[in-house]
Amino acid sequence: MESVWLTRMRWRRRGAWMWPTFVALTIIDACVAHALPFEGDSEGLAPALIFAGFWNLIAVVVVAYPVGALVRRVRRDLPRFVARDYAGTWLLIALAAGLLAAGLANHSTIASDGAAMRDAEARAIAYIGFRAPPVFRGDLGRASTFTIQAGTLYRTCVPSTGGRRTYCVIVDDRQPAGRSVHFAGYEPNSVFADGLE
């Protein structure tokens, strides 16, 4: 009887990695999703923690049972709970790797969109500084840029010296520099953005 107990304890010790891995990887996944969001350009830490916890829990509670059964087909010597723990641990690791890969892929998109926005803003300020009426040229440092379509279309506005009006242009990054900027009216970006929502 004691040898059965020792054998069971040995299997428990070898197979009891799922829940500690769950806790550790949920925290790590939340930090990764916060630092490298897989969608959009930012993610709060609390929503990332809820997201990571939800999908890790699904992996452990729902998916680990059938995957554990497959593990037992390959390794018949494993008790059911150990096979399920192994499966759950590997599922958690796979989810963490997938989340990291998606975050890294999205990070390059965010970086290229940021570079396109800076380029569009530089084109807009150069255009406004050269072609806008003099009342709008004095405060080019207060330009505000609104993204119409990330990576391609931007709207940049500069306030007048008195701050009562704005001079706005649309920049199409797909066009050559000489043809990419066009006058877009006097409505500030706040009014324009409200109209799109």
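## A buried arginine and its partner

At 2% relative accessibility, Arg155 counts as buried. Buried here means under 20% relative accessible area, exposed means over 50%, and partly exposed lies in between, with a 1.4 Å probe and protein chains only. Arg155 forms a salt bridge with Glu187, and their closest N and O atoms are 3.8 Å apart. A salt bridge is a side-chain nitrogen of Lys or Arg within 4 Å of a carboxyl oxygen of Asp or Glu. Arg155 sits in strand E2 and Glu187 in the loop between E4 and helix H6 (189-196), so the pair ties together parts that are 32 residues apart in sequence. Glu187 is partly exposed, at 44% relative accessibility.

## Basis of the model

This is a predicted model, in which local features need pLDDT of at least 70 and side-chain atom pairs count only at pLDDT 80 or more, while totals for chains, interfaces and linings use all residues. Residues are numbered from 1 along each chain as its sequence is written, and side-chain values use heavy atoms, with hydrogens and water left out.

## Overall make-up

The protein has six helices and four strands. Both are DSSP runs, numbered from the N terminus: helices are H or I with at least four residues, strands are E with at least two. Along the sequence the pattern reads α-α-α-α-α-β-β-β-β-α.

Of the 197 residues in the protein, 34% are buried. Among contacts with a separation of 6 or more, 53% join residues 24 or more positions apart. Contact means heavy atoms within 4.5 Å. The protein exposes about 12000 Å², and carbon and sulfur atoms supply 64% of that area. Accessible areas come from the Shrake-Rupley method with a 1.4 Å probe; for residues, only the protein chains shown count as cover.

## The sheet

The four strands form an open sheet in the order E1-E2-E3-E4, with antiparallel pairing. Strand E1 (144-149) and strand E4 (181-185) stand at the edges with a single partner strand each, so one side of each is left without a neighbour in the sheet. From one strand to the next, the twist averages 25°. Strands of a sheet pair through backbone hydrogen bonds. Two strands count as paired if DSSP finds at least two bridges between them.

E1 and strand E2 (residues 153-159) pair over five bridges in the antiparallel sense. Ser144 stands opposite Cys157 in E2. Thr145 has Thr156 in E2 as its bridge partner. E1 and E2 form a hairpin with three residues between them, and Gly151 in the turn has a positive phi of about 90°.

## Helix H4

Helix H4 (residues 80-131) packs on the sheet and touches E1, E2, strand E3 (166-172) and E4. The direction of H4 makes about 130° with that of E3. Axes are lines fitted to C-alpha atoms, for helices over the stretch in contact, and angles run from 0 to 180 degrees between N-to-C directions.

Asn106 is found in helix H4. Asn106 is buried, with a relative accessible area of 13%. Leaving out residues up to four places away in sequence, Asn106 touches Pro37, Phe38, Glu39 and Gly40.

## More salt bridges

The protein has five salt bridges by the rule above. One of them joins Arg123 and Asp173, with the closest N and O atoms 3.9 Å apart. Arg123 lies in helix H4 and Asp173 in the loop between E3 and E4, so this pair ties together parts that are 50 residues apart in sequence. Arg123 is buried, at 19% relative accessible area. Asp173 also counts as buried, at 17%.

Asp172 and Arg174 meet through their side chains in a salt bridge of 3.0 Å, N to O. Asp172 is buried, at 12% relative accessible area, whereas Arg174 is exposed, at 55%. Salt bridges that share partners join Asp119, Arg123 and Asp173 into one network.

## A nonpolar surface patch

Trp19, Leu57, Val61, Val62 and Val63 make a nonpolar surface patch of about 410 Å². Patches are made of residues with over 30% relative accessible area and no salt bridge; like charges are joined within 9 Å, and nonpolar side chains (Val, Leu, Ile, Met, Phe, Trp, Tyr) within 5 Å. Helix H3 (residues 45-74) gives the largest share of the patch, four residues. Val62 is found in helix H3. Val62 counts as partly exposed, at 49% relative accessibility.
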